Every structure is written in C-alpha cells, then in structure tokens.
Amino acid sequence: MPGALLAILDRFGWRTVTTICDSMNQYPGLNAFFALACANLRLIQSRQLTKYNFYNSDFDSKLTSNYTPFLKRAKTQSRVIVLMTHPKIMRDMMLTAHTLGMTKGEYVFLAGMITMVPTRGRVAWKFDDGRDEMAFEAFKSLIIYVNEDPNWDDIAEWIEDIADVAETRFNTTYTEDQKYNEYALSAYEALFASAQIFRENINVSDLDGRRYARLFWNRTFQFRSRNLTIGPYGMRIDDVLFSRLNASSGALEEAWRYYAGTKVLRETSSMAMDWPLSGGMPPLDRPACGYNGQFCDTLSSFSSVGTIVGVLAGLVVPIIILARYCLKKRHGDDGVEGLWWALNDLSDSEDDLETDEALTIAELADQLKLSQATVDTIPNNLTTTANNSGRTVSQSDEPAVIHREHSAKRRRPTESTSKRRSHTPSSSSSSSDEDRQSSALQAETTRTTGQETAQDLVTMEDPTHKAADHSTATAITTETTVLT
C-alpha cells in the first residue's frame, strides 16, 4: 500500500504530506494492520527525504475524541492529509475537518483502509446519526485506498472450516465477526500456494530451502478468494484500489487502480477526473499564498510600502510650490530667480513687460561712481531720433529718465497696471492703439541707445576708473526710456 500512495502523490505532484496515525488500542483485532501500514509508510518516508516532505502525527482514539488539534496543525503544514484509522474514527475526523473549513476543495484527504468484511461493512458516510448530510459534503474531499477485497461469498466454506479447526484443536470459539479475519485468510492462502509449489516440484531431489523459497518469487497464484502475487523479494504484493464519492449515486466508486506487479497507476473511471470543489483541477500541493497565508501577507506589505511611497511622492510637488511661494514673499523675485530648482512663470504676452522703478541721472551716476564731468556730458549722449509718427524725440523734450531692467525677467502685469488698463475710457480706443505702437517703437529704439550710452559713459570716465566702470557697465544691461 505505501507504494500505491506514493504513486498517486506523484500523479498530482503532491510533495508535502501530513500523516495522522491512530494506534487504535480500542480495536485489538484491527490495530495490527494499521500499525504495520503506518510503520511501512514511515520507512518509505525515510528513503524519500529529498522528494517528499512528510509531517507525522500520532494519537490514540481510545484516549481522545478531540481531533481538532491534529487537523489544525495539519492545516498549516500541507494540503494533502493521510488518515490511518478505523472507518468510524475516520468519518468523525472528516466531520471535524468540515467544521474547520477544510472540505471546500483546497485540501484532499487520503484514508488507508483494511479490506472490507461482511460483518463490518464497507466504508460509508451514512450512519443515520443526524450528521449524514454534513458527512456527505465532507466525503467529497476524501479518497479511500485499500487492497482488493476477497470474494467472501465464494469462500464461505473456507470461513467455516477455519472456525471449526480453531474450536476443536485450539479450544477457541470465533464470533461471527471474528470469522471474517483477513490474517487467517492470508495464512490459508499461503498454505495453498506452498502446497502448489511442493506438488509441482515433488520429483526434484536436490530442492533445499533457499531454492524452494525462490520458486514463489515473481509469481501470481489464482485462488477462489482472490489472486495472490509474490514479488521479486518474496513479499506479497496486492493491487490497490482508489475510490471516491459519486455525488450522484452517493456510493464510493473506483477511480484509479495501482497494479502492484507493474507499479503503474491507471485511471479506471471518469471519477478520476472529477474535481468539482476545486474548479475541475486537483488541489495544489502548495497554494499561492502558502499554507497559512504568509506569502500574501508579504505581498500586502510590499503593496503598502508602494502606497506610502506614492503618497509621499504626491506631496513633493505641493511642498516645492509652497516653498517657492514663501521664498518669493520673503526675498522677492531676485531671491527666487537665483535658485536653480525654481519654476519660473514665463509669459509670451507683450503686455507682461514691466520695468522697475525709474533712476535719475544723478542716481545712476552715484551708483556707477561717475565724475561730475562725465555726468555733464550725459544729456548730449541721450539724444535719440526715432521715426515715431514723424516726431523727433530729443533732449529738448521731457527730461530723460533712465530705467533699470529687472534681470531681463518678463513678469505678469501688476495689479495696479491691470487697474489702469481696466479704467481706460472706451472713447479713446483708437488713440490707445496708436500710442501702443509708438511705445513699442520707442522701447526698441531706446534699448539700443541705452546700451550705447552705457558704453559711452565708460569711455568718458576718468582713466583711473575706466577698468572698474567698464566691467560694471557691461555686467548691467540698462534700458533707457524717454518719457513724453
């Protein structure tokens, strides 16, 4: 049976398994079978450590009827759970698993059973105890594997003969239930096989014990009870049947069969492909989120970090804008303009050009540290002729006033400028158009003149100040505006 179990694990890629073994001290007639089955399973586990990951739990159903701790532990370890216990105890454990939410398609239970006998009946979910409906749902997640049952009806004579010998020769009386004994039947079959080998080799004179034993190997004996197959090392090997609940009929039906002689697992019915609780596919060996959801928690934490980073990134832009606004309020445009990261508000509108406060000739001379002789020559150098609707602009008009350009910055109109525009009478709209055209020509002409004037100022200055005045004049771009 252990070989058949490993075969179905390989079929579906199940590598992590929890085995729960019951010592069954309350069933002395059956506990030997389950104890031997668990021992063989543990032996195979020790030889398959690199391929499978087994978790083992042991209990005694004679001492406890609370199966919740074992199943809760299994729930956090694997999705495949093997139960080795009495059929009645197995049903109670499936009911507990159903209560724990383990029968919804995420888990699969494999229960190893002893062969069926007439007095014990077949494994069933229906006990007429008020919990049959729940048991029916729970059994949908169960796969039962068992050796092929003997043909009890065909060997009724053998059963009675065995009971008679026990009573007459060993003074032991079998009950009706004890008559159907798997171990007694197996011993009886072994005697039949030995007698057949002896009869076939009765004329062999040099037949010793070793040669006699090898005559059983790799051979199948056919009896009325069932076929008996002996493997290559003298061990009995039996086919194993895997059965599942047919939800339509309510009966356990064969789905796979493990052929022990060839070690091949084959599908024997459509029940092998019926996985209604898990979307038509067998349960995963390990779910995407892990056995206790730890991987989903990790993904959630990454998602939370991403959310926090996104929120912080969203706050950066408002903080930068607010910082720039505060710096502008505190230091003015000159303070903000020097910051490489500041965002300049530029406009393409011609109306956005605005000069700073006017400087008189005396103030400009004081800032440039010009001599009085140089200052006296400035009016002659400011004469400018512009073709402004046929008008000559010179020093004989209104006194010239020098304005400073504010870092060549184009700013939006100030509130006072906007108010002056909004209060312009509509009756002078035509004259305003002419004035704007004239102002544009004046500004262009004056800009050029202002640059030449700055150069002239430096040239006329005292030689001891020429170098300083020249560097100062070239570093500052001046704009001269003639006010009319």
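Predicted model: local features only at pLDDT ≥ 70, side-chain atom pairs only at ≥ 80, totals over all residues.
Residues are numbered from 1 along each chain as its sequence is written, and side-chain values use heavy atoms, with hydrogens and water left out.

The protein chain has 16 helices and 14 strands; these are DSSP runs numbered from the N terminus, helices being H or I with at least four residues and strands E with at least two. Of its 484 residues, 36% count as buried. Here buried means under 20% relative accessible area, exposed over 50% and partly exposed in between, using a 1.4 Å probe and protein chains only. The chain exposes about 28600 Å², with 53% of that supplied by carbon and sulfur atoms; the areas come from the Shrake-Rupley method with a 1.4 Å probe, and for residues only the protein chains shown count as cover.

On to the aromatics. Rings of Phe, Tyr and Trp (its six-membered ring) pair if their centres lie within 6.5 Å; planes under 30 degrees apart count as stacked, over 60 as edge-to-face and the rest as tilted. The whole structure holds 19 aromatic pairs. One of them joins Phe12 and Trp256, edge-to-face at 5.8 Å centre to centre with 75° between the planes. Phe12 sits in the loop between α1 (2-11) and β1 (16-22) and Trp256 in strand β10 (residues 252-259), so this pair ties together parts 244 residues apart in sequence. Phe12 and Trp256 are buried. Elsewhere, ring pairs link Trp158, Tyr188, Phe192, Tyr212, Phe216, Phe221 and Phe223 into a cluster.

Trp256 also shows up around Ala272, which touches Arg244, Ala255, Trp256 and Glu267, not counting residues up to four places away in sequence. Ala272 lies in the loop between β11 (264-267) and α10 and is buried, at 3% relative accessible area. As for Arg244, it lies over the face of Trp275, 4.1 Å from the ring centre; the rule asks for NZ of Lys or CZ of Arg within 6 Å of the ring centre and within 35 degrees of the ring normal.

Now the charged pairs. A salt bridge puts a side-chain nitrogen of Lys or Arg within 4 Å of a carboxyl oxygen of Asp or Glu, and the count comes to 20. Among them are these:

| Salt bridge | N to O distance |
|---|---|
| Glu176 and Lys179 | 3.5 Å |
| Arg226 and Glu182 | 2.9 Å |
| Arg219 and Glu200 | 2.5 Å |

Glu176 and Lys179 are three residues apart in helix α7 (residues 176-179), so about one helical turn separates them. Glu176 is partly exposed, with a relative accessible area of 45%, whereas Lys179 counts as buried at 16% relative accessibility. Where do Arg226 and Glu182 lie? Arg226 is in the loop between β6 (219-222) and β7 (227-230) and Glu182 in helix α8 (residues 182-200), so their bridge ties together parts 44 residues apart in sequence. Both Arg226 and Glu182 are buried. Arg219, by contrast, is partly exposed at 23% relative accessible area, and Glu200 is partly exposed at 43% relative accessibility.

Key:
Contact = heavy atoms within 4.5 Å.
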